[in-house]
Amino acid sequence: MGGDHGGALLVGRGITSAARRSGLGSDETLRRAVARHLGTTPTEYRSRFAATARDPAP
């Protein structure tokens with residue numbers, strides 16, 4: 001999960017789908033990776049950045 005790519009996987013998708021697309025395999029592995037690298041849960045991350053993903057800057 002590096003840079004913006006990891007965050008893009010989390011926004012607008014279910015955790016299981018994001019885990020599969022990221023290559024991590026399971027939702028639990030994704031949750032652990034997000035917690036380790038971003039210091040938050042996938043749910044918190046999505047809540048914080050969902051508006052940014054819906055309304056990109058011009």
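How many helices and strands does the secondary structure of the protein come to? In this predicted model, in which local features need pLDDT of at least 70 and side-chain atom pairs count only at pLDDT 80 or more, whereas totals for chains, interfaces and linings use all residues, the secondary structure comprises 4 helices and 0 strands, where helices (H or I, at least four residues) and strands (E, at least two) are DSSP runs numbered from the N terminus. Residues are numbered from 1 along each chain as its sequence is written, and side-chain values use heavy atoms, with hydrogens and water left out. From the N terminus on, the elements follow the order α-α-α-α.

Of the 58 residues of the protein, 24% count as buried, that is, under 20% relative accessible area with a 1.4 Å probe and protein chains only. The largest nonpolar core consists of 5 residues, namely Ile15, Ala18, Ala19, Leu30 and Val34; such a core is a set of buried Ala, Val, Leu, Ile, Met, Phe, Trp, Tyr and Cys residues joined through side-chain atoms within 4.5 Å. Helix H2 (15-22) and helix H3 (27-38) each supply at least two residues of this core, and H2 gives the most, with 3 residues.

The axes of H2 and H3, lines fitted to C-alpha atoms over the stretch in contact, with angles running from 0 to 180 degrees between N-to-C directions, come within 8 Å and cross at roughly 80 degrees. H2 and H3 are therefore roughly perpendicular to each other, a class that spans 65 to 115 degrees. The contact (heavy atoms within 4.5 Å) is made by Ile15, Thr16, Ala18, Ala19 and Ser22 of H2 together with Asp27, Leu30 and Arg31 of H3.

Conventions
Buried < 20%, exposed > 50% of the residue type's maximum accessible area, 1.4 Å probe, protein only. Parallel < 35°, antiparallel > 145°, perpendicular 65-115°, else oblique.
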